[in-house]
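Hi,

Here's the structure I promised to pass along.

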Amino acid sequence: MIRTPFNENWICQPFGSLYNSDGASAQKVTLPHDAMLEGGRAAGNSGGSETGYHKPGAWRYTKQFEVPQDWENKRITLEFEGVYRDAMVFINGAYAGQHEYGYSRFFIPADPYLEYGKTNTVVVECRAHKDSRWYSGAGIYKPVNMLVGSLVHVVPEGIRVTPSTSDGDGLVLIDTDVVNESTATQGIMVNAVVNAQDGGQCTADGVEATVKAGEKLTIHQRLYVDDPLLWDVDSPNLYEVAVQLTQDGDVLDSTSSTFGFRTLQLDPKHGLRINGKVVKLRGTCVHHDNGILGSASFEAAEERRLRILKNAGFNAIRSAHDPVSRATLEAADRLGMLIMDETFDMWNTAKSSNDYSLRFEDHWQDDVDAMVARDYNHPSVILYSIGNEIMEIGTHHGARKGRQIVNRIRSLDSSRYILSAINGAIAAQDALMQMMSQQSDGKSINDELSSAADMMSQIMKLPQVGQAIEESAGMLDIVGLNYGEARYAVDHEAHPNRVFVGSETFPTQIEKLWAMVNDLPYLIGDFTWVGWDYLGETGVGNPKYPDEASPFAAPYPALTTNSGDIGITGVRRAASYYREVVFGFRKDPYIAVEDPAHAAHPAVPTAWSWSDAVAKWNWDVPEGTKVVVEVYADADEISYVLNGEEAARAKVGIDKVFFAKAAVPYRPGTLEAIAYRDGEIVGRSQLQTTAEPVKINLVRFNPKDRVLAEDIELVEISVVDDQGRISWTGDVKVKATVDGGHLQGLGTGRSATEESFLDGCCTTYQGRALAAVRRGGEGQCALTVSAEGLPSATISC
């Protein structure tokens, strides 16, 4: 069926008792759209820390559209890639369908309700209220498409491509689902073409097929490609399958899909192999929100995030804790990023009072089917996760439900590996409760977990944990363990045929965890929590100061979890550079300075939080004040050189491998770190004191190898001094205006703020901000950013 974007000229309006109305009225929007952002934030009457203090609500989307008279003999379907949540769809006032899950795509057949040759109206109602442990967003936050086809057509997502290679030759198995909705038997030709990445045709074939009235038929074809280029993380070579249905020379329908040639192997001796080569997963968990865009999913934002993550050393993401967007899948295919696609955060046992557990039993199979059908042709997808920290996973009936999900996935796709992200502390809840009851120091379990990761290690070592997960672990291809590294060796000894992955791990322990990944062949990788900061679960990663109260959930106006290697605007933090050293990708040392304002009681790294160190040499302290300078390097020793003279030396690895720190007297100028190994210099880097800002820099994200289909641009904003360096002398308030479009969002990586992404102005954070611009059409579009005392800057979008 021909897919046409159906995203413009929607009207969004809050409705119902769940929305705390403040006079908000209907507004015209273009999809994707996150309605929850419009509702604002508040300390009370909101979703609390879990949602970043955004307000719950219910929203109604309305769109009018024309349906030509000559469509009477066609099939029209609306494809919704994602609506959060409990979507109800009405066409011309009639109930047309509904979809409960907020994270899976669904289709609404529109034909029975359309009025041909007239103006038609579609209404979508959705809501969000106490149903998520993180910021979910709300509304039609992913694109909508209208699918139009003849009565004989390929069903949506009806092409399954199964490639393989042998002795240098490529075999492409193509299964095409064709349906005949006419009243007569139809004879058709099914023509398939395989095209290379450069557009050249590799091979083609056509077969005749007879499809009875009302019948759905699968057409199987075998095509061969000489010496195909393989897909992997370093060389993501893609091909295209194009299928066309014809009858008497007339084209009835056409569709296409990209795919890649790659093989997967898994065993405890070698771990994971792709195309015969061992691959260790340098992974991160990623929530679905896009920072200043809320939950709205745009191609540019998804691609930019994956590019930044890959440049930081990651080669895999886990879609925590819901199926990843189509835009992310396509970007991962192009960039060579591996994906663990996750289904659910809960099954039948609730984690929030109004979450999907209320609908799970009746709809899980549809959601699983939707995920697998969408993922099947994407070479980036190598793993399916059937759930995250499922509450009932340690029970017999929970394991039984897990086996049903596993069996369903295998019946649809036997080419990928299946795991569950198991938390032993949840699986063995009784044992954990007993440990909690024995606490005598007044600390809560959250206090323990945020201040001492070794408590989780103690829990995971309990034999009760092994007993609780035994049945569930036995049905999986890979045992995913959340914070469960203490079980790797224990379970391998008991079950030498099992393969493991760290499906969620503490970021501050990456040096220990990565050493285990390298040492244990049956451990295929590590997925940190988290590589990219996200909205909600506020303050989990905030620096912890011994002299200050540090609640596990930070109060309003906290906005983000603040635990990511990379902030919500894509700026890498100190922890990201340490991880890069651990992965072996960074030659030069990285310098970060702890905040001297907390010198008396410095931040204590915890399970999810790093120190407060930043790459800055502008400090408001008297000259000569000792400041603690951290350096991350694969070296033996660091020389700290201040303004040309050595100010300190420190051994690497005293407290933490690849880590050194020393007290250096602060003086403006240049601080250089010189890394030595065996007495030889192996790398050097420096920090400089920057001057007052003199101008605003604007840099547009724009993939060089393709043109994005959507009308959005992301522009990085920085205030710089006379030498072009980001100024650390103080943040400034910037204002953004757009000519020939509109501002989709503007904000920073600041973890606590009362500024809205929709205000059109914000205070820079560490000299930076990020703007999202939506073009208004075919004409020119430009973003202008201004700040008091600085010349404005303009960039074409």
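Where is the place of T508, in terms of strand 27 and helix 12? T508 belongs to the loop that runs between strand 27 (500-505) and helix 12. Before going on, please keep in mind that this is a predicted model, so everything below is computed from it.

Staying with T508 for a moment: is this residue buried or exposed? Its relative accessibility is 10%, so T508 counts as buried, given that the cut-off for buried is under 20%.

Next, helix 12 itself. Helix 12 (residues 510-519) packs with helix 13 (residues 574-583) at an angle of about 25°, and the two axes are 10 Å apart. That angle makes helix 12 roughly parallel to helix 13, because angles under 35 degrees are put in that class. The crossing of this pair is right-handed. On the helix 12 side, the contact involves I510, E511 and W514; on the helix 13 side, Y578, R579, V582 and F583. Sorted by type, the residues of this contact come out as 5 nonpolar and 2 charged, with no polar ones.

The other helix pair I looked at is helix 2 (residues 299-311) with helix 3 (residues 326-335). Their axes come within 9 Å and cross at roughly 45°, which means helix 2 is oblique to helix 3. Here too the handedness is worth noting down: helix 2 passes helix 3 in a right-handed crossing. Which residues make the contact? From helix 2 they are E299, E302, E303, L306, R307 and K310, and from helix 3 they are R326, A327, T328, A331, A332, R334 and L335. By type, the contact of helix 2 with helix 3 divides into 7 charged, 5 nonpolar and 1 polar.

Last, the cysteines. How many disulfides does a search of the whole structure find? The count is 0. Two cysteines I checked for accessibility are C202 and C285. C202 has a relative accessible area of 33%, so it is partly exposed. C285, in turn, counts as buried because its relative accessibility is 0%.

That's what I have for now.

Cheers

Definitions and conventions: Residues numbered from 1 in each chain as written. Predicted model: local features only at pLDDT ≥ 70, side-chain atom pairs only at ≥ 80, totals over all residues. Heavy atoms only, no water. Axes fitted to C-alpha atoms, helices over the stretch in contact; angles between N-to-C directions. Helix = DSSP H or I, 4+ residues; strand = E, 2+ residues; numbered from the N terminus. Parallel < 35°, antiparallel > 145°, perpendicular 65-115°, else oblique. Left-handed = near helix turned anticlockwise from the far one by under 90°. Contact = heavy atoms within 4.5 Å. Nonpolar A, V, L, I, M, F, W, Y, C, P; charged D, E, K, R; others polar. Disulfide = S-S within 2.5 Å. Buried < 20%, exposed > 50% of the residue type's maximum accessible area, 1.4 Å probe, protein only.
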